[in-house]
Amino acid sequence: MTEIKLPKGAAAILDVLEARGHQAYVVGGCVRDSLLSLEPKDWDVCTSAVPQEIESYFKEERIIPTGLRHGTVTLLLDDGPYEVTTFRKDGAYSDNRRPDSVSFVADIREDLARRDFTINAMAYHPKEGLIDPFGGEKDLQKRLLTCVGHADTRFNEDALRIMRALRFASVYGFQISEETAAAIDKNYPLLRKIAAERIYAELRQTLLGSGVLKVLLAFSAVFTAVIPELAPCAGFPEKSGGRTHTLYDRAARGVAAYPGDDPAVKLALLLHDVGKPLCRSGDHAQKSRELAEQAADRLRLDHETKAAMLELILYHEDDVEPSVKSVRQWLARIGYRQLLRLTDFRIADSLAYGTESNSEIAKQKTIRQIADQIIAQGLCFSLKDLAISGRDLLARGWTEGKEIGRALQEVLDLVIEGSLPNERKALLAHLEKQKRRRRL
Ligand code: ATP
Ligand code: MG
(Lines give C-alpha, C1' and ligand atoms only; values in the text may rest on other atoms or scores of the structure.)
(Ligands and ions follow the chains in the order given, each with its own letter.)
Protein backbone atom coordinates (compact mmCIF):
# COMPACT_ATOMS: atom_id res chain seq x y z
CA MET A 1 0.00 0.00 0.00
CA THR A 2 1.19 3.48 -0.82
CA GLU A 3 2.33 5.28 2.30
CA ILE A 4 2.51 9.03 2.78
CA LYS A 5 3.88 10.57 5.94
CA LEU A 6 1.55 13.32 7.11
CA PRO A 7 2.73 16.38 9.03
CA LYS A 8 1.59 16.49 12.65
CA GLY A 9 -1.10 19.11 12.08
CA ALA A 10 -2.74 17.25 9.20
CA ALA A 11 -2.76 13.98 11.13
CA ALA A 12 -4.33 15.75 14.13
CA ILE A 13 -7.08 17.29 11.97
CA LEU A 14 -7.97 13.89 10.50
CA ASP A 15 -8.09 12.40 14.02
CA VAL A 16 -10.39 15.09 15.42
CA LEU A 17 -12.79 14.90 12.47
CA GLU A 18 -12.91 11.10 12.61
CA ALA A 19 -13.50 11.08 16.36
CA ARG A 20 -16.66 13.11 15.58
CA GLY A 21 -17.81 10.50 13.10
CA HIS A 22 -16.75 12.23 9.87
CA GLN A 23 -14.61 11.13 6.98
CA ALA A 24 -11.44 13.14 6.33
CA TYR A 25 -8.51 12.90 3.90
CA VAL A 26 -5.53 14.90 2.72
CA VAL A 27 -6.14 15.73 -0.90
CA GLY A 28 -4.90 17.29 -4.14
CA GLY A 29 -1.46 18.86 -4.58
CA CYS A 30 0.01 17.39 -1.39
CA VAL A 31 -0.85 13.82 -2.42
CA ARG A 32 0.50 14.42 -5.92
CA ASP A 33 3.76 15.93 -4.67
CA SER A 34 4.25 13.24 -2.01
CA LEU A 35 3.92 10.50 -4.65
CA LEU A 36 6.50 12.38 -6.74
CA SER A 37 8.78 12.48 -3.65
CA LEU A 38 8.57 16.28 -3.63
CA GLU A 39 7.97 18.41 -0.56
CA PRO A 40 4.31 19.60 -0.74
CA LYS A 41 3.83 23.38 -0.59
CA ASP A 42 0.80 22.99 1.62
CA TRP A 43 -1.47 20.21 2.91
CA ASP A 44 -5.18 20.46 2.17
CA VAL A 45 -7.79 18.40 3.98
CA CYS A 46 -11.23 17.46 2.69
CA THR A 47 -13.99 16.14 4.88
CA SER A 48 -17.65 15.23 5.15
CA ALA A 49 -18.00 17.79 8.00
CA VAL A 50 -19.54 21.16 7.08
CA PRO A 51 -17.83 24.48 7.99
CA GLN A 52 -19.91 25.16 11.13
CA GLU A 53 -19.01 21.71 12.41
CA ILE A 54 -15.34 22.17 11.62
CA GLU A 55 -15.35 25.52 13.41
CA SER A 56 -17.00 24.05 16.48
CA TYR A 57 -14.46 21.18 16.72
CA PHE A 58 -11.48 23.52 16.53
CA LYS A 59 -12.69 26.32 18.80
CA GLU A 60 -9.36 26.36 20.61
CA GLU A 61 -7.42 27.05 17.41
CA ARG A 62 -7.14 30.17 15.34
CA ILE A 63 -9.57 29.88 12.43
CA ILE A 64 -9.93 31.94 9.26
CA PRO A 65 -13.30 31.62 7.49
CA THR A 66 -11.60 31.49 4.06
CA GLY A 67 -14.63 30.71 1.94
CA LEU A 68 -17.53 29.48 3.99
CA ARG A 69 -19.88 29.41 1.02
CA HIS A 70 -17.48 27.06 -0.76
CA GLY A 71 -16.98 25.06 2.41
CA THR A 72 -13.43 26.15 3.23
CA VAL A 73 -12.01 27.14 6.60
CA THR A 74 -8.33 27.61 7.34
CA LEU A 75 -6.93 26.32 10.63
CA LEU A 76 -3.76 27.98 11.85
CA LEU A 77 -1.97 25.19 13.73
CA ASP A 78 1.54 25.22 15.20
CA ASP A 79 3.12 23.70 12.10
CA GLY A 80 1.31 25.86 9.58
CA PRO A 81 -2.05 26.79 8.05
CA TYR A 82 -4.34 24.01 6.82
CA GLU A 83 -7.27 24.50 4.45
CA VAL A 84 -10.11 22.20 5.42
CA THR A 85 -12.86 21.93 2.81
CA THR A 86 -16.17 20.11 2.86
CA PHE A 87 -16.67 17.46 0.13
CA ARG A 88 -18.49 19.32 -2.61
CA LYS A 89 -19.58 19.22 -6.18
CA ASP A 90 -19.91 22.14 -8.50
CA GLY A 91 -23.15 23.32 -10.09
CA ALA A 92 -23.39 24.54 -13.68
CA TYR A 93 -20.69 26.81 -15.06
CA SER A 94 -22.19 29.60 -17.15
CA ASP A 95 -19.27 32.05 -17.32
CA ASN A 96 -16.30 29.75 -18.15
CA ARG A 97 -14.74 30.80 -14.86
CA ARG A 98 -16.49 29.50 -11.79
CA PRO A 99 -19.50 27.41 -10.83
CA ASP A 100 -22.82 29.22 -10.40
CA SER A 101 -23.27 27.26 -7.16
CA VAL A 102 -21.62 24.54 -5.14
CA SER A 103 -23.27 21.92 -3.00
CA PHE A 104 -21.90 19.74 -0.26
CA VAL A 105 -21.86 15.99 -0.87
CA ALA A 106 -21.25 12.95 1.31
CA ASP A 107 -18.86 11.02 -0.92
CA ILE A 108 -15.17 11.77 -1.40
CA ARG A 109 -15.35 10.32 -4.91
CA GLU A 110 -17.83 12.95 -5.98
CA ASP A 111 -15.50 15.62 -4.63
CA LEU A 112 -12.53 14.17 -6.52
CA ALA A 113 -14.57 14.19 -9.75
CA ARG A 114 -14.80 18.02 -9.75
CA ARG A 115 -11.01 18.39 -9.66
CA ASP A 116 -9.09 19.34 -12.77
CA PHE A 117 -6.49 16.66 -13.59
CA THR A 118 -6.17 13.01 -12.61
CA ILE A 119 -2.88 13.71 -10.81
CA ASN A 120 -4.70 16.33 -8.69
CA ALA A 121 -7.73 14.15 -8.01
CA MET A 122 -6.31 11.79 -5.39
CA ALA A 123 -6.94 11.69 -1.66
CA TYR A 124 -5.10 9.80 1.03
CA HIS A 125 -5.85 8.43 4.44
CA PRO A 126 -3.29 6.67 6.64
CA LYS A 127 -5.59 3.67 7.18
CA GLU A 128 -7.43 3.52 3.84
CA GLY A 129 -4.43 4.38 1.68
CA LEU A 130 -4.78 6.13 -1.66
CA ILE A 131 -8.22 7.02 -3.03
CA ASP A 132 -7.57 7.27 -6.74
CA PRO A 133 -10.70 6.71 -8.83
CA PHE A 134 -9.29 8.32 -12.01
CA GLY A 135 -5.90 6.64 -12.30
CA GLY A 136 -3.83 9.59 -11.07
CA GLU A 137 -1.04 7.42 -9.69
CA LYS A 138 -0.65 5.61 -13.00
CA ASP A 139 -0.57 8.93 -14.84
CA LEU A 140 2.14 10.18 -12.48
CA GLN A 141 4.17 7.11 -13.36
CA LYS A 142 3.53 7.69 -17.06
CA ARG A 143 4.30 11.40 -16.55
CA LEU A 144 1.04 12.23 -18.21
CA LEU A 145 -1.25 15.19 -17.60
CA THR A 146 -4.84 14.48 -18.42
CA CYS A 147 -8.20 15.90 -17.36
CA VAL A 148 -10.65 14.20 -15.06
CA GLY A 149 -13.56 13.38 -17.35
CA HIS A 150 -14.18 15.02 -20.69
CA ALA A 151 -11.38 17.52 -21.34
CA ASP A 152 -13.42 19.74 -23.63
CA THR A 153 -16.14 20.12 -20.98
CA ARG A 154 -13.63 20.71 -18.19
CA PHE A 155 -11.85 23.58 -20.00
CA ASN A 156 -15.17 25.01 -21.04
CA GLU A 157 -16.28 25.08 -17.40
CA ASP A 158 -13.17 26.90 -16.24
CA ALA A 159 -10.68 28.16 -18.81
CA LEU A 160 -8.01 28.85 -16.18
CA ARG A 161 -7.49 25.07 -16.18
CA ILE A 162 -5.80 25.54 -19.57
CA MET A 163 -3.07 27.64 -17.96
CA ARG A 164 -2.88 25.20 -15.06
CA ALA A 165 -2.38 22.33 -17.52
CA LEU A 166 0.54 24.13 -19.16
CA ARG A 167 1.96 24.97 -15.74
CA PHE A 168 1.89 21.37 -14.48
CA ALA A 169 3.28 20.05 -17.78
CA SER A 170 6.15 22.54 -17.58
CA VAL A 171 6.92 22.26 -13.87
CA TYR A 172 6.90 18.44 -13.82
CA GLY A 173 8.07 17.93 -17.40
CA PHE A 174 4.92 15.93 -18.19
CA GLN A 175 3.33 15.13 -21.54
CA ILE A 176 -0.19 16.40 -22.07
CA SER A 177 -2.55 13.64 -23.26
CA GLU A 178 -3.85 13.87 -26.80
CA GLU A 179 -7.46 14.52 -25.81
CA THR A 180 -6.45 17.18 -23.27
CA ALA A 181 -4.11 18.88 -25.76
CA ALA A 182 -6.83 18.95 -28.42
CA ALA A 183 -9.25 20.48 -25.92
CA ILE A 184 -6.68 23.16 -25.05
CA ASP A 185 -6.30 24.01 -28.73
CA LYS A 186 -10.05 24.30 -29.05
CA ASN A 187 -10.86 26.25 -25.89
CA TYR A 188 -7.98 28.67 -25.34
CA PRO A 189 -9.93 31.69 -26.70
CA LEU A 190 -12.03 31.42 -23.51
CA LEU A 191 -8.99 32.62 -21.57
CA ARG A 192 -10.06 36.16 -22.39
CA LYS A 193 -12.71 35.73 -19.70
CA ILE A 194 -10.16 34.93 -17.01
CA ALA A 195 -8.67 37.62 -14.76
CA ALA A 196 -5.20 38.64 -15.95
CA GLU A 197 -3.54 38.19 -12.57
CA ARG A 198 -4.69 34.58 -12.40
CA ILE A 199 -3.29 33.95 -15.86
CA TYR A 200 0.00 35.57 -14.94
CA ALA A 201 0.28 33.53 -11.72
CA GLU A 202 0.19 30.37 -13.83
CA LEU A 203 2.32 31.79 -16.65
CA ARG A 204 5.03 32.79 -14.23
CA GLN A 205 5.32 29.26 -12.88
CA THR A 206 5.15 27.83 -16.39
CA LEU A 207 8.14 29.91 -17.48
CA LEU A 208 10.13 28.67 -14.47
CA GLY A 209 9.40 24.98 -15.15
CA SER A 210 11.97 22.54 -16.50
CA GLY A 211 9.66 21.49 -19.34
CA VAL A 212 8.96 25.02 -20.54
CA LEU A 213 10.48 24.68 -24.03
CA LYS A 214 8.20 21.85 -25.11
CA VAL A 215 5.17 23.63 -23.71
CA LEU A 216 6.03 26.98 -25.33
CA LEU A 217 6.60 25.32 -28.70
CA ALA A 218 3.58 23.01 -28.62
CA PHE A 219 1.11 25.64 -27.39
CA SER A 220 2.30 28.84 -29.04
CA ALA A 221 -1.33 29.65 -29.86
CA VAL A 222 -2.15 29.86 -26.15
CA PHE A 223 0.84 32.05 -25.31
CA THR A 224 0.25 34.41 -28.21
CA ALA A 225 -3.40 34.65 -27.15
CA VAL A 226 -2.56 35.71 -23.61
CA ILE A 227 0.32 37.91 -24.87
CA PRO A 228 -0.85 39.16 -28.28
CA GLU A 229 2.35 41.27 -28.55
CA LEU A 230 4.17 37.97 -29.16
CA ALA A 231 2.00 36.95 -32.10
CA PRO A 232 4.05 38.63 -34.89
CA CYS A 233 7.18 36.83 -33.62
CA ALA A 234 5.56 33.45 -34.23
CA GLY A 235 5.48 34.06 -37.97
CA PHE A 236 8.77 35.90 -38.25
CA PRO A 237 11.71 33.83 -39.51
CA GLU A 238 15.28 34.63 -38.58
CA LYS A 239 18.52 32.90 -39.47
CA SER A 240 20.74 31.95 -36.60
CA GLY A 241 23.34 29.26 -36.02
CA GLY A 242 23.00 28.11 -39.63
CA ARG A 243 19.30 27.40 -39.18
CA THR A 244 16.12 29.36 -39.62
CA HIS A 245 13.92 29.78 -36.59
CA THR A 246 11.02 32.04 -35.94
CA LEU A 247 11.67 34.80 -33.43
CA TYR A 248 9.15 33.07 -31.19
CA ASP A 249 11.06 29.77 -31.27
CA ARG A 250 14.29 31.53 -30.45
CA ALA A 251 12.72 33.40 -27.57
CA ALA A 252 11.36 30.08 -26.29
CA ARG A 253 14.85 28.55 -26.47
CA GLY A 254 16.24 31.51 -24.56
CA VAL A 255 13.62 31.12 -21.84
CA ALA A 256 14.53 27.44 -21.51
CA ALA A 257 18.28 28.11 -21.55
CA TYR A 258 18.14 30.36 -18.48
CA PRO A 259 18.48 28.05 -15.47
CA GLY A 260 17.66 30.62 -12.76
CA ASP A 261 14.31 31.41 -11.18
CA ASP A 262 14.04 35.14 -11.70
CA PRO A 263 10.78 35.86 -13.54
CA ALA A 264 12.11 39.22 -14.82
CA VAL A 265 14.88 37.44 -16.77
CA LYS A 266 12.47 34.78 -18.06
CA LEU A 267 10.00 37.42 -19.24
CA ALA A 268 12.73 39.55 -20.80
CA LEU A 269 13.94 36.50 -22.75
CA LEU A 270 10.40 35.83 -23.91
CA LEU A 271 9.60 39.41 -24.92
CA HIS A 272 12.87 41.12 -25.89
CA ASP A 273 12.25 40.89 -29.63
CA VAL A 274 8.54 41.68 -29.81
CA GLY A 275 9.37 45.00 -31.44
CA LYS A 276 11.57 43.45 -34.12
CA PRO A 277 8.88 42.53 -36.65
CA LEU A 278 7.71 46.15 -36.52
CA CYS A 279 11.15 47.74 -37.01
CA ARG A 280 12.49 46.98 -40.46
CA SER A 281 15.92 48.23 -39.63
CA GLY A 282 17.76 49.76 -36.76
CA ASP A 283 17.06 49.68 -33.10
CA HIS A 284 14.09 47.62 -31.98
CA ALA A 285 14.90 47.59 -28.25
CA GLN A 286 12.84 50.70 -27.55
CA LYS A 287 9.86 49.32 -29.47
CA SER A 288 10.15 45.96 -27.72
CA ARG A 289 10.24 47.72 -24.38
CA GLU A 290 7.11 49.67 -25.23
CA LEU A 291 5.18 46.55 -26.27
CA ALA A 292 6.46 44.58 -23.30
CA GLU A 293 5.22 47.35 -21.01
CA GLN A 294 1.79 47.07 -22.57
CA ALA A 295 1.84 43.29 -21.99
CA ALA A 296 3.09 43.73 -18.41
CA ASP A 297 0.29 46.16 -17.60
CA ARG A 298 -2.33 43.89 -19.09
CA LEU A 299 -1.01 40.90 -17.13
CA ARG A 300 -0.78 43.04 -13.99
CA LEU A 301 2.83 42.22 -13.26
CA ASP A 302 4.14 43.43 -9.92
CA HIS A 303 6.08 46.66 -10.18
CA GLU A 304 9.50 45.23 -9.41
CA THR A 305 9.38 42.42 -11.96
CA LYS A 306 8.02 44.78 -14.58
CA ALA A 307 10.69 47.45 -14.06
CA ALA A 308 13.53 44.92 -14.08
CA MET A 309 12.21 43.19 -17.21
CA LEU A 310 11.71 46.44 -19.13
CA GLU A 311 15.21 47.64 -18.34
CA LEU A 312 16.71 44.34 -19.51
CA ILE A 313 14.78 44.61 -22.76
CA LEU A 314 15.88 48.20 -23.27
CA TYR A 315 19.56 47.31 -22.90
CA HIS A 316 19.50 43.82 -24.35
CA GLU A 317 21.56 44.78 -27.36
CA ASP A 318 23.98 47.23 -25.74
CA ASP A 319 27.50 46.07 -25.23
CA VAL A 320 28.96 45.74 -21.81
CA GLU A 321 32.71 45.28 -22.24
CA PRO A 322 34.68 42.99 -19.97
CA SER A 323 36.76 45.93 -18.73
CA VAL A 324 36.77 47.70 -15.38
CA LYS A 325 35.80 50.97 -17.01
CA SER A 326 32.80 49.57 -18.88
CA VAL A 327 31.56 47.46 -15.96
CA ARG A 328 31.77 50.47 -13.64
CA GLN A 329 29.76 52.53 -16.09
CA TRP A 330 27.10 49.83 -16.28
CA LEU A 331 27.03 49.43 -12.52
CA ALA A 332 26.43 53.17 -12.26
CA ARG A 333 23.68 52.98 -14.84
CA ILE A 334 21.69 49.91 -13.82
CA GLY A 335 23.16 48.63 -10.53
CA TYR A 336 24.71 45.31 -9.52
CA ARG A 337 21.63 43.13 -9.46
CA GLN A 338 20.47 44.23 -12.89
CA LEU A 339 23.94 43.79 -14.35
CA LEU A 340 23.92 40.19 -13.15
CA ARG A 341 20.50 39.73 -14.69
CA LEU A 342 21.79 41.19 -17.94
CA THR A 343 24.69 38.71 -18.01
CA ASP A 344 22.21 35.88 -17.34
CA PHE A 345 20.07 37.18 -20.15
CA ARG A 346 23.02 37.33 -22.56
CA ILE A 347 24.20 33.82 -21.77
CA ALA A 348 20.73 32.35 -22.27
CA ASP A 349 20.14 34.36 -25.43
CA SER A 350 23.43 33.30 -26.96
CA LEU A 351 22.73 29.66 -26.09
CA ALA A 352 19.42 30.07 -27.90
CA TYR A 353 21.22 31.49 -30.92
CA GLY A 354 23.64 28.62 -30.98
CA THR A 355 26.41 30.81 -32.41
CA GLU A 356 29.71 31.60 -30.74
CA SER A 357 28.10 30.85 -27.44
CA ASN A 358 31.30 29.71 -25.76
CA SER A 359 33.13 32.98 -26.20
CA GLU A 360 29.99 34.93 -25.30
CA ILE A 361 29.49 32.91 -22.13
CA ALA A 362 33.14 33.40 -21.15
CA LYS A 363 32.76 37.14 -21.74
CA GLN A 364 29.67 37.39 -19.55
CA LYS A 365 31.37 35.42 -16.80
CA THR A 366 34.31 37.81 -16.92
CA ILE A 367 31.93 40.74 -16.63
CA ARG A 368 30.47 39.18 -13.50
CA GLN A 369 33.90 38.64 -12.00
CA ILE A 370 34.84 42.24 -12.65
CA ALA A 371 31.58 43.43 -11.12
CA ASP A 372 32.23 41.29 -8.03
CA GLN A 373 35.75 42.71 -7.72
CA ILE A 374 34.47 46.26 -8.01
CA ILE A 375 31.94 45.58 -5.28
CA ALA A 376 34.50 43.78 -3.09
CA GLN A 377 36.98 46.66 -3.41
CA GLY A 378 34.27 49.18 -2.67
CA LEU A 379 35.09 51.12 -5.84
CA CYS A 380 32.69 53.93 -6.39
CA PHE A 381 30.00 53.49 -9.00
CA SER A 382 26.93 55.51 -8.12
CA LEU A 383 26.12 59.01 -6.94
CA LYS A 384 25.57 57.87 -3.38
CA ASP A 385 29.03 56.30 -3.33
CA LEU A 386 30.77 59.54 -4.32
CA ALA A 387 33.04 61.07 -1.69
CA ILE A 388 31.06 64.31 -1.92
CA SER A 389 27.34 65.06 -1.89
CA GLY A 390 25.05 67.90 -2.88
CA ARG A 391 25.33 69.25 0.64
CA ASP A 392 29.07 69.90 0.19
CA LEU A 393 28.35 71.99 -2.86
CA LEU A 394 25.48 73.88 -1.24
CA ALA A 395 27.84 74.78 1.61
CA ARG A 396 30.21 76.22 -0.98
CA GLY A 397 27.59 78.49 -2.43
CA TRP A 398 26.39 76.40 -5.35
CA THR A 399 22.78 76.84 -6.31
CA GLU A 400 20.38 74.07 -5.48
CA GLY A 401 18.90 71.91 -8.21
CA LYS A 402 20.12 71.31 -11.69
CA GLU A 403 23.58 72.84 -11.35
CA ILE A 404 24.50 70.57 -8.46
CA GLY A 405 22.98 67.48 -10.07
CA ARG A 406 24.94 68.08 -13.25
CA ALA A 407 28.19 68.72 -11.36
CA LEU A 408 27.88 65.50 -9.35
CA GLN A 409 27.09 63.46 -12.46
CA GLU A 410 30.12 64.98 -14.19
CA VAL A 411 32.55 64.01 -11.45
CA LEU A 412 30.91 60.58 -11.15
CA ASP A 413 31.61 59.93 -14.84
CA LEU A 414 35.23 60.96 -14.37
CA VAL A 415 35.60 58.72 -11.33
CA ILE A 416 34.08 55.79 -13.21
CA GLU A 417 36.43 56.41 -16.13
CA GLY A 418 39.32 56.41 -13.71
CA SER A 419 40.43 59.99 -14.51
CA LEU A 420 39.61 61.29 -11.01
CA PRO A 421 40.13 59.55 -7.66
CA ASN A 422 37.01 59.26 -5.50
CA GLU A 423 38.44 61.57 -2.86
CA ARG A 424 36.71 64.56 -1.39
CA LYS A 425 39.55 67.00 -1.86
CA ALA A 426 40.20 66.03 -5.45
CA LEU A 427 36.53 66.14 -6.43
CA LEU A 428 35.90 69.53 -4.85
CA ALA A 429 39.08 70.96 -6.37
CA HIS A 430 38.03 69.73 -9.80
CA LEU A 431 34.56 71.25 -9.53
CA GLU A 432 35.83 74.60 -8.24
CA LYS A 433 38.24 74.73 -11.14
CA GLN A 434 35.46 73.96 -13.61
CA LYS A 435 33.28 76.64 -12.07
CA ARG A 436 35.99 79.26 -12.28
CA ARG A 437 36.66 78.31 -15.87
CA ARG A 438 32.96 78.67 -16.75
CA ARG A 439 32.86 82.12 -15.18
CA LEU A 440 35.78 83.39 -17.27
P1 ATP B 1 0.20 23.85 -5.85
O2 ATP B 1 1.25 22.88 -5.56
O3 ATP B 1 0.58 24.89 -6.80
O4 ATP B 1 -0.52 24.38 -4.64
P5 ATP B 1 -2.23 22.45 -6.24
O6 ATP B 1 -2.60 21.32 -7.13
O7 ATP B 1 -2.29 22.19 -4.77
O8 ATP B 1 -0.86 22.97 -6.69
P9 ATP B 1 -4.14 24.50 -5.73
O10 ATP B 1 -4.47 25.70 -6.56
O11 ATP B 1 -3.58 24.68 -4.36
O12 ATP B 1 -3.17 23.63 -6.62
O13 ATP B 1 -5.46 23.64 -5.68
C14 ATP B 1 -5.62 22.54 -4.81
C15 ATP B 1 -6.44 21.46 -5.52
O16 ATP B 1 -7.70 21.97 -5.89
C17 ATP B 1 -5.82 20.96 -6.83
O18 ATP B 1 -4.88 19.93 -6.60
C19 ATP B 1 -7.04 20.46 -7.56
O20 ATP B 1 -7.44 19.20 -7.09
C21 ATP B 1 -8.09 21.47 -7.16
N22 ATP B 1 -8.19 22.62 -8.09
C23 ATP B 1 -7.53 23.79 -7.99
N24 ATP B 1 -7.89 24.62 -8.98
C25 ATP B 1 -8.81 23.97 -9.72
C26 ATP B 1 -9.57 24.30 -10.88
N27 ATP B 1 -9.44 25.49 -11.46
N28 ATP B 1 -10.43 23.38 -11.34
C29 ATP B 1 -10.57 22.19 -10.73
N30 ATP B 1 -9.89 21.81 -9.66
C31 ATP B 1 -9.01 22.69 -9.14
MG1 MG C 1 -1.94 23.67 -3.23
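In the side chain of D158, an N or O atom lies 2.8 Å from a nitrogen atom of ligand 1. The protein covers 78% of the 580 Å² of accessible area that ligand 1 has on its own, where accessible areas come from the Shrake-Rupley method with a 1.4 Å probe and, for residues, only the protein chains shown count as cover. This is a predicted model, in which local features need pLDDT of at least 70 and side-chain atom pairs count only at pLDDT 80 or more, whereas totals for chains, interfaces and linings use all residues. Residues are numbered from 1 along each chain as its sequence is written, chains are lettered from A and ligands numbered from 1 in the order in which they are written, and side-chain values use heavy atoms, with hydrogens and water left out.

| Residue and atom | Ligand 1 atom | Distance |
|---|---|---|
| D116, backbone N or O | nitrogen | 3.2 Å |
| N120, polar backbone atom | oxygen | 2.9 Å |
| D158, side-chain N or O | nitrogen | 2.8 Å |

Around ligand 1 there are 14 residues, of which R32, K41, D158, R161 and R167 come nearest; a residue is near a molecule or strand if one of its heavy atoms lies within 4 Å of it. By class, this shell holds 10 charged residues (Asp, Glu, Lys and Arg), 3 polar ones (the others, Gly among them) and 1 nonpolar one (Ala, Val, Leu, Ile, Met, Phe, Trp, Tyr, Cys or Pro). Helix α7 (160-172) and helix α2 (29-35) each supply at least two residues of the shell, and α7 gives the most, with 4 residues; helices are DSSP runs of H or I with at least four residues, strands are runs of E with at least two, and both are numbered from the N terminus.

A165 also lies in helix α7, and is buried at a relative accessible area of 0%, buried meaning under 20%, exposed over 50% and partly exposed in between (1.4 Å probe, protein chains only).

Terms used. Polar contact = N/O pair within 3.5 Å; in protein donor to acceptor, adjacent residues only side chain to side chain.
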